[in-house]
Structure formats: structure tokens, C-alpha cells
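This briefing goes through one protein structure for a reader who has not seen it before. Please look at the sequence and the model first, then read the notes by topic.

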Amino acid sequence: MDSNVKELATEVLPYIRVYKDGSVDRLVDSPIVPPCNEDPETGVSSKDIVVSKRPPISARIYLPKHVEQSPKIPLLVYFHGGGFCFESAFSFVETKYMNRLAKQANVVVISIEYRLAPEHPLPIGYEDCWSGLQWVASHSVDGGLKDEPWLSTYVDFDRLYVGGDSAGANLAHVILLRAGSEGLNGVKIKGAFLTHPYFWGSKPIGSEIKNNEEREKLATCMIWHLVYPEAPGGIDNPMLNPVVEGGPSLAGLGCSRLLISVAKEDFLRDRGVSYYHAVKKSGWKGELMELVDVEGEDHAFHILAHESETAMKLIQKLASFIV
């Protein structure tokens with residue numbers, strides 16, 4: 001046997017392999033790209049910033065073209081997808097997506113680069129995103145933090161939004177509950193959009209019932225066990241299964257506008273629809289909630305097939321939600 005061949009600990013194909021020496025192969029990552037002074041397609045400027053040195057949290061921030069100090073514009077704090085264990089705020093597909101959102105919505109966007117599992121198992125990613133949001137909100141206070149001039153100069157903090165896709169939508173959900181219970185330095189989150197949210201549970205619902213063989217071997221289960229091996233309740237932990245009995249009330253979501261988007265061909269679709277109806281029944285006191293269900297498309301199509309007409313339409317829908 002070749003002594004240089006690494007011994008496999010676990011794998012979740014086609015996404016990730018983890019070896020017994022602790023090394024990881026991420027098999028589907030989009031290439032990392034640098035920020036841009038002016039994106040050729042959108043005119044949006046971007047740069048990479050340090051949010052925190054301890055713990056190490058960074059971000060990519062985007063500024064639309066022709067923005068003035070007055071009137072100030074909304075802010076979107078974004079959490080990328082990738083099953084908590086791959087992808088990056090600095091990747092090609094995420095940067096392409098953020099540039100388009102920033103332009104079409106005319107908003108400042110900051111995409112948080114949280115630490116990934118399995119090297120940094122959950123709940124570390126949740127804590128990183130919460131710390132990042134707190135850092136952003138601290139720029140709103142007179143005499144507060146002014147580390148990032150694009151935030152302190154151009155942002156109307158009365159129009160703060162959070163959003164995410166897939167695992168990032170899961171992160172956004174957990175962040176909304178925490179903001180609702182703990183507050184956010186006096187800042188209110190106006191709205192949130194959860195796109196193709198990564199939710200799951202032990203009891204199959206909807207179309208899952210037809211595909212219930214070897215449920216524990218599905219990527220939705222295996223990824224969660226990989227990224228949060230110590231999760232109380234396993235796949236019925238309320239962070240993954242927000243409608244589980246005994247979980248935090250969804251009435252506590254800390255925003256006033258909520259947009260849930262799903263895709264008809266996405267295996268996670270029914271979880272997003274279930275979440276939407278659960279929030280409606282919870283007594284949540286927001287002013288607007290909407291469900292968008294896109295025909296003929298699969299998970300994260302708006303990022304992975306970003307040139308398609310349906311991707312453009314969904315991005316425009318998300319952009320128009322930010323007011």
C-alpha cells in the first residue's frame with residue numbers, strides 16, 4: 001500500500017471528502033476570484049475587508065455605481081450557501097450573484113466569509129455570522145464603530161436586510177431568531193429573504209415520502225451529521241428542522257418583511273413551503289410575507305445557472321423586495 005495515499009474518513013458525494021489526517025477535499029467549489037474596482041458587467045465596486053481577527057471573520061462588500069452620501073441606501077448582509085462546508089463569499093459564482101443584486105436593488109451588500117465545517121464544526125458558522133452582523137450594526141451608532149466607510153457613509157440602517165441561499169438561508173433563519181430574542185444594538189432588521197433554504201427533519205414530508213429509502217444516506221442527512229456532529233436532536237435540531245415540536249416559536253423572527261423562494265425540482269422545496277406556512281400560523285407580526293415557487297428549476301439555479309432567463313427573473317424579484 002502506498003504510504004502517501006490518504007485514508008478516507010468519510011465522504012458526501014459529489015460534495016466533499018474528509019480524510020483521517022484531518023485534511024479535506026472540497027469537490028464542487030467555484031474558483032476564488034479577487035474583488036473589482038468596477039465590475040465590467042454591472043459597474044459595482046467591491047473590496048475584501050476584515051470583520052474580526054479573533055475569531056477570523058472576513059467579508060466582501062459591494063457598492064453600486066453612482067451612489068451618493070445622500071440619500072442613503074439599504075444594506076443587505078448575505079450568507080452564502082454550500083452545506084456549511086464548501087463555497088465562499090469570494091467565489092466566482094457568489095461574486096457574480098452579489099454584483100447583480102447590488103446593481104439591481106441599488107444596495108450595499110456585504111457577504112460574510114464564515115468559517116467552514118468540518119474543520120470548524122457548527123455552531124461556529126452561526127456564531128461567525130452573528131458576530132459579522134453585530135459588527136455591521138455597530139456602524140449605525142453615533143460614536144460607534146466606523147471601521148468600514150462604505151457602511152458608515154452610504155447605508156440607511158433603517159433598511160437593513162439579511163439573506164442567504166441554501167445553507168445560507170438556514171443561517172439567515174437562525175440569525176433572525178437571535179435578533180428577535182436578543183436585539184441587534186438597537187438596529188431593526190427590516191426584511192429577509194431565504195432562497196431554497198436547507199431545512200430537513202427525520203419525518204418525511206411531501207415528495208420526500210416517495211423517496212424515503214435509506215433516508216440516513218441522503219446528502220441532506222449526511223451533510224448535517226458531518227458539519228454538526230454534536231447537534232442536540234440530530235437532524236431534528238431546531239436549527240435544521242425549524243418546525244419541529246418544541247423548537248423556538250417562529251413568531252420570534254426578528255424582521256418585518258419575509259420572502260421565501262423555492263424551486264419545483266428542488267428536493268428541499270417542500271421544506272421551504274412548510275416553513276412558509278409554519279411562519280404564517282405562528283403569530284408572526286410582520287407586515288409582509290411572500291412565497292415564490294419557480295417552475296422547472298432545481299436547487300440554487302439562480303447561482304449555478306446565472307445566465308438563464310429564470311435566474312435573471314428571480315434575482316430581479318429578490319432585488320425588488322429590498323425597499
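Strands β8 (residues 155–165) and β9 (residues 189–195) run parallel and are joined by 6 bridges. Across this pairing, Leu160 stands opposite Ile189 in β9. The model is a predicted one.

**The sheet**

- The open sheet has 8 strands, in the order β4-β5-β7-β6-β8-β9-β10-β11.
- Its pairing is mixed.
- In general, strands of a sheet pair through backbone hydrogen bonds, and they do so either parallel or antiparallel.
- The edges are formed by β4 and β11 (288–294); each has a single partner strand, so one side of each is left without a neighbour in the sheet.
- On average, neighbouring strands of this sheet are turned by 20° against each other, with direction ignored.

**Helices across the sheet**

- Helix α1 (residues 92–105) lies across β5 (57–63), β6 (73–79), β7 (108–113), β8 and β9.
- The direction of α1 is at about 40° to β5.
- Helix α6 (residues 269–282) lies across β9, β10 (257–263) and β11.
- Relative to β10, α6 runs at about 155°.

**Salt bridges**

- The count of salt bridges comes to 22.
- One of them links Lys47 and Glu148, whose closest N and O atoms are 3.0 Å apart.
- Lys47 lies in strand β4 and Glu148 in the loop between α2 (124–137) and α3 (149–154), so this pair ties together parts that are 101 residues apart in sequence.
- Lys47 is partly exposed, with a relative accessible area of 25%, whereas Glu148 counts as buried at 4%.
- Arg178 forms a salt bridge with Glu182, with 3.1 Å between the closest N and O atoms.
- Both residues of that pair are in helix α4 (residues 167–182); because Arg178 and Glu182 are 4 residues apart there, about one helical turn separates them.
- Arg178 has a relative accessible area of 23% and is partly exposed.
- Arg215 and Glu208 form a salt bridge with the closest N and O atoms 2.9 Å apart, and both residues are buried.

**A nonpolar surface patch**

- Leu13, Leu27 and Val28 make a nonpolar surface patch of about 230 Å².
- Val28 is found in the loop between β3 (24–26) and β4 (45–52).
- The relative accessibility of Val28 is 35%, so Val28 counts as partly exposed.

Technical notes: Residues are numbered from 1 along each chain as its sequence is written. This is a predicted model: local features need pLDDT of at least 70, side-chain atom pairs count only at pLDDT 80 or more; totals for chains, interfaces and linings use all residues. Side-chain values use heavy atoms; hydrogens and water are left out. Patches are made of residues with over 30% relative accessible area and no salt bridge: like charges are joined within 9 Å, nonpolar side chains (Val, Leu, Ile, Met, Phe, Trp, Tyr) within 5 Å. Accessible areas come from the Shrake-Rupley method with a 1.4 Å probe; for residues, only the protein chains shown count as cover. A salt bridge is a side-chain nitrogen of Lys or Arg within 4 Å of a carboxyl oxygen of Asp or Glu. Helices (H or I, at least four residues) and strands (E, at least two) are DSSP runs, numbered from the N terminus. Buried means under 20% relative accessible area, exposed over 50%, partly exposed in between (1.4 Å probe, protein chains only). Two strands pair if DSSP finds at least two bridges between them. Axes are lines fitted to C-alpha atoms, for helices over the stretch in contact, and angles run from 0 to 180 degrees between N-to-C directions. Contact means heavy atoms within 4.5 Å.
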